[in-house]
Amino acid sequence: PAPTTVHWHGIRLRNEADGVPGLTQAPIAPGSTYRYDFVAPDPGTYFFHSHVGVQIDRGLYGALIIDDPREPGDYDAEWVVVLDDWLDGTGKTPDDVLAELIKGGGGHAGHGMGMGGMGDPPWGPGGDVTYPHYLVNGRIPVAAETFTAKPGQRVRIRLINASADTIFAVALGGHRLTVTHSDGYAVRPTETGALYLGMGERYDVVTTLKDGVFPLVAAPFGKQATAARALVRTGSGEAPPPDARPAELGGPVLTHADLAPTDAARLPNKAPDSVLDVVLGGGMGNYAWTINGAAYGKNSPLQVTAGQRTRLRVSNMSMMTHPFHLHGHTFAVASTGLRKDTLLVRHMELVELDFDADNRGSWMAHCHNAYHGEAGMMIELAYRS
Ligand code: C2O
Ligand code: CU
């Protein structure tokens with residue numbers, strides 16, 4: 001019953017198909033049709049979602065997997081695991097919650113540095129909303145999806161954080177995970193017991209399965225809540241209780257800073273031709289979130305020149321962690337070379353993100369917390385003609 005659009009998150013597609021209302025298209029009216037026509041240039045794990053208001057927090061999203069015909073695929077099974085935070089239909093809608101946050105009424109505003117037993121938390125507060133449910137593939141922990149396989153099989157797990165307001169720490173009880181891709185791009189295989197995913201981020205991991213029944217857990221960072229989970233069954237036995245917490249979540253939890261790209265995934269070496277400042281600001285006070293000092297529409301577009309290596313100097317001057325997302329391009333984190341389209345940026349952190357301005361059009365750069373984005377933490381990236 002509402003106008004909507006579809007954004008193809010992370011895909012370097014033609015601007016007309018990017019799905020941003022008021023920038024690349026008019027919203028699709030109820031009952032009408034819009035055709036998205038584009039070539040997907042890069043294989044990997046992506047997702048698509050509404051780009052209107054906080055519709056993403058009503059579940060208007062889906063996984064988008066682009067297979068590489070040249071990929072050897074040395075695994076026996078491939079699972080897609082989508083993480084979400086959920087409140088729609090529990091008495092309030094996401095639009096009610098946004099209105100409350102802006103009004104400062106904030107019955108839902110439970111923020112703080114929750115430790116959650118996850119060791120040293122690298123993030124400041126990452127979310128503003130306390131959700132009644134956290135989901136894996138649309139299911140609550142007591143009704144978890146069960147993946148089945150045989151002991152000894154190798155599985156590739158494609159993790160997608162489709163939530164609006166939640167950073168998750170993910171672990172598979174009893175297993176080590178080898179991270180192979182971040183936001184679709186190959187990384188040097190890196191082993192860990194657990195890893196963080198910010199809103200909009202994707203990571204692929206592979207692991208060799210043991211014999212038994214294991215919880216695949218996504219613990220909301222900094223929120224007091226029952227973690228989301230699926231089950232992995234390779235043998236007989238009782239399922240662990242719905243609140244079972246893998247020991248791996250108490251060990252080191254990998255972040256993007258622990259990863260490096262494969263040589264093929266690197267951007268060619270080049271000094272930036274131009275440098276643009278992107279300052280993330282704002283706070284819970286009046287729930288005003290800004291980029292470069294003003295809310296979207298009041299800030300001036302970032303101006304890039306076609307053909308130039310462009311560096312974004314993203315500094316987070318707010319108290320929270322924000323998942324910074326760029327449309328239409330993928331950037332390389334200057335310090336590591338890691339290719340991504342969405343990156344968690346901590347309080348007072350400065351990250352330099354390099355990309356080639358090779359895709360003309362009007363694009364968005366924004367915080368992938370759906371509530372922050374709607375409250376203004378977005379900016380346009382425009383090409384000089
Ligand atoms: Cu998935 Cu503009 O975002
Ligand atoms: Cu944010």
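**Charges, fold and a copper site**

The mean positions of the 31 positive and 41 negative charges of the chain lie 2 Å apart. Lys and Arg count as positive, Asp and Glu as negative, and His and the chain ends are left out. Each charge is placed at NZ of Lys, CZ of Arg, CG of Asp or CD of Glu. This is a predicted model, in which local features need pLDDT of at least 70, side-chain atom pairs count only at pLDDT 80 or more, and totals for chains, interfaces and linings use all residues. Residues are numbered from 1 along each chain as its sequence is written, chains are lettered from A and ligands numbered from 1 in the order in which they are written, and side-chain values use heavy atoms, with hydrogens and water left out.

Next, the overall fold. The chain holds 2 helices and 26 strands. Both are DSSP runs numbered from the N terminus: helices are H or I with at least four residues, strands are E with at least two. For 385 residues, a compact globule would have a radius of gyration near 21 Å; the chain has 20 Å, which agrees. That radius is taken over C-alpha atoms, and the globule rule is 2.2 Å times the number of residues to the power 0.38. The C-alpha atoms fill a box of roughly 65 × 50 × 45 Å along the principal axes.

Of the 385 residues, 57% are buried. Buried means under 20% relative accessible area, exposed means over 50%, and partly exposed lies in between (1.4 Å probe, protein chains only). The chain exposes about 15000 Å², and carbon and sulfur atoms supply 52% of that area. Accessible areas come from the Shrake-Rupley method with a 1.4 Å probe; for residues, only the protein chains shown count as cover. Among contacts with a separation of 6 or more, 74% join residues 24 or more positions apart. A contact means heavy atoms within 4.5 Å.

Now the metal. The copper ion (ligand 2) is coordinated by H322 through ND1, C367 through SG and H372 through ND1, at 2.0 to 2.1 Å. Donors are N, O and S atoms within 2.8 Å of the metal (3.2 Å for Na, K and Ca); water is not among the atoms, so sites may look incomplete. Along the chain, the donors of this copper ion follow the spacing H-x44-C-x4-H. H322 sits in strand 20 (residues 322-326) and H372 in helix 2 (residues 370-374), so the pair ties together parts that are 50 residues apart in sequence. Both H322 and H372 are buried.

Several loop residues deserve a look. G200 falls in the loop between strand 11 (194-197) and strand 12 (202-208). Its relative accessible area is 0%, so G200 is buried. Leaving out residues up to four places away in sequence, G200 touches H9, F47, N161, D341, T342 and H368. L254 is 54 residues from G200 along the chain, and their C-alpha atoms are separated by 17 Å.

H256 lies in the loop between strand 15 (253-254) and strand 16. With a relative accessible area of 9%, H256 is buried. Beyond residues up to four places away in sequence, H256 touches Y203, L338, K340, L343 and L344. H256 and R339 are 83 residues apart in sequence and 10.0 Å apart in space, C-alpha to C-alpha.

D183 is not a glycine, yet has a positive phi of about 50°. D183 is in the loop between strand 9 (177-182) and strand 10 (185-192), and counts as buried at 1% relative accessibility. Y287, also not a glycine, has a positive phi of about 50°. Y287 occupies the loop between strand 16 (274-283) and strand 17 (288-291). At 2% relative accessibility, Y287 counts as buried.

L159 belongs to strand 7 (residues 154-161) and is buried at 1% relative accessibility. With residues up to four places away in sequence not counted, L159 touches T45, V81, V170, L195, L197, E201, R202, Y203 and V205. T148 lies in strand 6 (residues 146-148). At 55% relative accessibility, T148 counts as exposed. T148 touches W79 and R233, again not counting residues up to four places away in sequence.
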